[in-house]
Amino acid sequence: MATLLSLLRRLPQGLQFVCVGGAAAATHLLVVALLVQGLALAPLAANVLGFLVAFCVSYGGHALLTFSEHQAPHRQALPRFFLVACCSFALNEVLYYIALHQWHLHYLWSLFAVLLIVAVVTFVAAKFWAFARSAA
């Protein structure tokens, strides 16, 4: 019987990215919802904590699955991907702020839409820079 990881590795890279990104986004949304509903934390503050937890899911999944064929060493890929993730998160926060304070949309629907938009930027930067093996 094939393991889940071996089955996922048979998927095209774009679908692998969607699976890992979906797991990270679900983690992000769940952490934000728990912090806002459970601890009455402000949505923008909860979003920072949600990002940090989701980053662990995202990096681990992309290093193990999505971009594993690049074989970039962790000492290179981790800081690069963290920079990509931080830039993506800055874009996330700006778009999330606009959705919450300019358009007055619900915090979870707004975050869901923002995460989808930012995912495209993250994929391109991760594929062509963060996980790209540098010529040594």
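**Close-up 1. A40 sits in the loop between α2 (13–39) and α3.** Helices here are DSSP runs of H or I with at least four residues, and they are numbered from the N terminus. This is a predicted model, in which local features need pLDDT of at least 70 and side-chain atom pairs count only at pLDDT 80 or more, while totals for chains, interfaces and linings use all residues. Residues are numbered from 1 along each chain as its sequence is written, and side-chain values use heavy atoms, with hydrogens and water left out. Take a look at the backbone of A40: its phi is near 55°, a positive value in a residue other than glycine. Is A40 buried or exposed? With a relative accessible area of 67%, A40 is exposed. Buried means under 20% relative accessible area, exposed means over 50%, and partly exposed is in between (1.4 Å probe, protein chains only).

**Close-up 2. H104 lies in the loop between α4 and α5.** Here, too, is a positive phi in a residue other than glycine, with a value near 55° for H104. The relative accessible area of H104 is 61%, so this residue is exposed.

**Close-up 3. A nonpolar patch on the surface is formed by L39, L41, V48, L49, L52 and F82.** Together these residues have about 490 Å² of accessible area, a value from the Shrake-Rupley method with a 1.4 Å probe, where for residues only the protein chains shown count as cover. To join a patch, a residue needs over 30% relative accessible area and no salt bridge; nonpolar side chains (Val, Leu, Ile, Met, Phe, Trp, Tyr) are joined within 5 Å, and like charges within 9 Å. A salt bridge is a side-chain nitrogen of Lys or Arg within 4 Å of a carboxyl oxygen of Asp or Glu. Which helix gives the most to the patch? That is helix α3 (residues 43–66), with three residues. F82 belongs to helix α4 (residues 74–102), and F82 counts as partly exposed because its relative accessibility is 36%.

**Close-up 4. Helices α4 and α5 (residues 107–130) pack with their axes 9 Å apart.** The angle between them is about 150°, which means that α4 is roughly antiparallel to α5. Axes are lines fitted to C-alpha atoms, for helices over the stretch in contact, and angles run from 0 to 180 degrees between N-to-C directions. Angles over 145 degrees count as roughly antiparallel, under 35 as roughly parallel, 65 to 115 as roughly perpendicular, and the rest as oblique.

**Close-up 5. S110 is a buried residue in helix α5.** Its relative accessible area is 3%. Now find L100: S110 and L100 are ten residues apart along the chain, and their C-alpha atoms are separated by 7.1 Å. Helix α5 also holds L108, which is partly exposed, with a relative accessible area of 27%.

**Close-up 6. R9 is part of helix α1 (residues 4–9).** R9 counts as partly exposed, at 42% relative accessibility. How many residues apart in sequence are R9 and S68? They are 59 residues apart in sequence and 9.3 Å apart in space, C-alpha to C-alpha.

Terms used
Helices (H or I, at least four residues) and strands (E, at least two) are DSSP runs, numbered from the N terminus.
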